[in-house]
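User: I would like a close look at one part of this model. Start with the whole, then go to the detail.

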Amino acid sequence: MEILDYIVNLGASVLMPIVFLVIGLAIRLSPTKAIKAGLMVGIGFIGLSITVGLMIDSLTPISNAIVEKFDLSLNVLDVGWPAAAAVGMGTKVGALIIPLCLAINVFMLYTRTTRVLNVDIWNLWHHAVTGSLVTVMSGSLWLGLFAAAINCIITMIIADRTAKDVGKTLGLEGISVPHGFSVSFVPAAWVVNFVIDRIPVVRDIKIDTEAIQSKFAILGDPAALGAIIGALLAIISGSDVKMILNTAVTMAAVMTIIPRMAKMLMEGVYPISERIQELAQTKLQHFGNLSIGLDSAVSVGHPVTLTVSMLMIPVMLVLAAIMPGNQFLPFASLTGLPFAFVLVTAVCRGDMFRTLLTAIITLTASLYICTDLAPLITQVATSNGFAMPSGATSISSIDYAGAMLPWAVVRLFGLKGIAIAIVTLVTAALMFMNYKLLKKEATHD
């Protein structure tokens, strides 16, 4: 525990480069490439942290003004996914999550309960968030690691079940998306499809996304979108012209810089991913037709995904204001909404009507989930030295504290005893089901 404490206290910007350096050397990447990969991850992480800090500093007075102007009882500050990632990876669970999930992936490959070779190492932080929340709630590191493992296994299974849709709808043959945030919205999309398919007339509704995209092309530009969002929020808050312009430019900068910092971070991940893919082709051929698990960023630019995400920004703000019992005011997470709907778009086969309906249902639930998990998220953050924004007493984030999968795992683990046993049995049953389905699919390939 003392060793883990020391490692965690190094901070995420130091810890992540070390982790990637060790992984690089372990898979026989050259020392030069391994060191560069680690440094690029660290640089990207620092860049993201600084940019998110700029966004929070800009939006905090705006959010406070909106709350006061409309007398909203929304006291949970949205810190966005980069802050949530920093919180998750800055714990003891976070320090162990990468080797844990890699071991789970190898085990599932050997038992043929998955065919996903997950090289999306960075986004394993999603499972760390789940494990960290359970650790704080239960006081047990081992129980937290077990919860993170359950979260990881279910994510891998959903990635398998959506791989064909990813290939057909998104045009990514041989690719799967074991992204914790994206897969959390898939079960709702399955339910929406199931219900709509059984309603005459409604099942025939289609929306021409190309026509909508041509009319709102400006929304596809990150800088313009950031400026529009920033200006609208400042106007809604009743700010003066100077504040409106400052917020617009700041948000334009944030929306432009964050993807570039994420790209820089991914420059450190790519050499690791490529080396693992090489090993898959030479050492893992007996596993059959593997799919490479990548970040949902590979298809975040799909027209349906982007259009639905942009439409949901004002919808989310209205829902936050009118939904009874909600305490969460979404801001920072709004820029990451496209990642929520990558797999929903695939499962709904590119139909905007079904994707939008799924978005409304799931993001309404996300507001309540964010509110419910805010005390735990805040406790994890403060206990691990996360610098709380000035004036904020409670924080949360749609990604990953507003997703249904982690919420279900955390709350079931909170019931202890029989509930944990049931979760374990259900997860084992899902693994067996996936094994049977993969075996059946293999005979038809």
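Predicted model: local features only at pLDDT ≥ 70, side-chain atom pairs only at ≥ 80, totals over all residues.

What share of the 445 residues of the protein counts as buried?

Analyst: Residues are numbered from 1 along each chain as its sequence is written, and side-chain values use heavy atoms, with hydrogens and water left out.

First, the whole. Of the 445 residues, 54% count as buried. Buried means under 20% relative accessible area, exposed means over 50%, and partly exposed lies in between (1.4 Å probe, protein chains only). The protein exposes about 19200 Å². Carbon and sulfur atoms supply 67% of that area. Accessible areas come from the Shrake-Rupley method with a 1.4 Å probe, and for residues only the protein chains shown count as cover.

The secondary structure comes to 19 helices and 6 strands. Both are DSSP runs numbered from the N terminus: helices are H or I with at least four residues, strands are E with at least two. Among contacts with a separation of 6 or more, 82% join residues 24 or more positions apart. A contact means heavy atoms within 4.5 Å.

Now the part you asked about. Rolling a probe the size of a water molecule over the atoms shows where empty space is left. Here a cavity is a set of points, on a 1 Å grid over the protein atoms alone, where a 1.4 Å probe fits but cannot get out; lining residues have an atom within 4 Å of a point. Grid points are joined across faces, edges and corners, and a volume is the space filled by probe spheres set on the points. The count is 3 cavities of 30 Å³ or more.

Helix α5 (residues 92-110) gives the largest share, 3 residues. By class, the lining has 4 nonpolar, 2 polar and 1 charged residues. Ala, Val, Leu, Ile, Met, Phe, Trp, Tyr, Cys and Pro count as nonpolar; Asp, Glu, Lys and Arg count as charged; the others, Gly among them, count as polar.

Phi of R112 is near 60°, a positive value in a residue other than glycine. R112 is partly exposed, at 43% relative accessible area.

Strand β2 belongs to an open, parallel sheet of 3 strands in the order β2-β4-β3. β2 and β3 (175-176) are the edges; each has a single partner strand, so one side of each is left without a neighbour in the sheet. Strands pair if DSSP finds at least two bridges between them. β3 and β4 (residues 291-293) run parallel, joined by 2 bridges. In this pair, S176 stands opposite G293.

A further open sheet has 3 strands in parallel, ordered β5-β1-β6. Its edge strands, β5 (328-329) and β6 (395-396), each pair on one side only. β1 (residues 76-78) pairs with β5 over 2 bridges. There L77 stands opposite L329.

M251 lies in helix α12 (residues 241-283). Its relative accessibility is 1%, so M251 counts as buried. Beyond four places in sequence, M251 touches M55, L59, G226, A227 and G230. M251 and L225 are 26 residues apart in sequence and 8.5 Å apart, C-alpha to C-alpha. S366, in helix α16 (residues 352-383), is also buried, at 1%. Leaving aside neighbours within four places, S366 is in contact with F185, I398 and G402.

Two backbone details remain. V201, in the loop between α9 (186-196) and α10 (209-215), has phi near 75°, positive in a residue other than glycine. V201 is exposed, at 65%. The peptide bond from D399 to Y400 is cis, with omega near 25°. Y400 lies in helix α17 (residues 398-401).

Notes: 1 Å grid on protein atoms, 1.4 Å probe; cavity = no way out; pocket = protein on both sides within 12 Å on 5 of 7 lines; lining within 4 Å.
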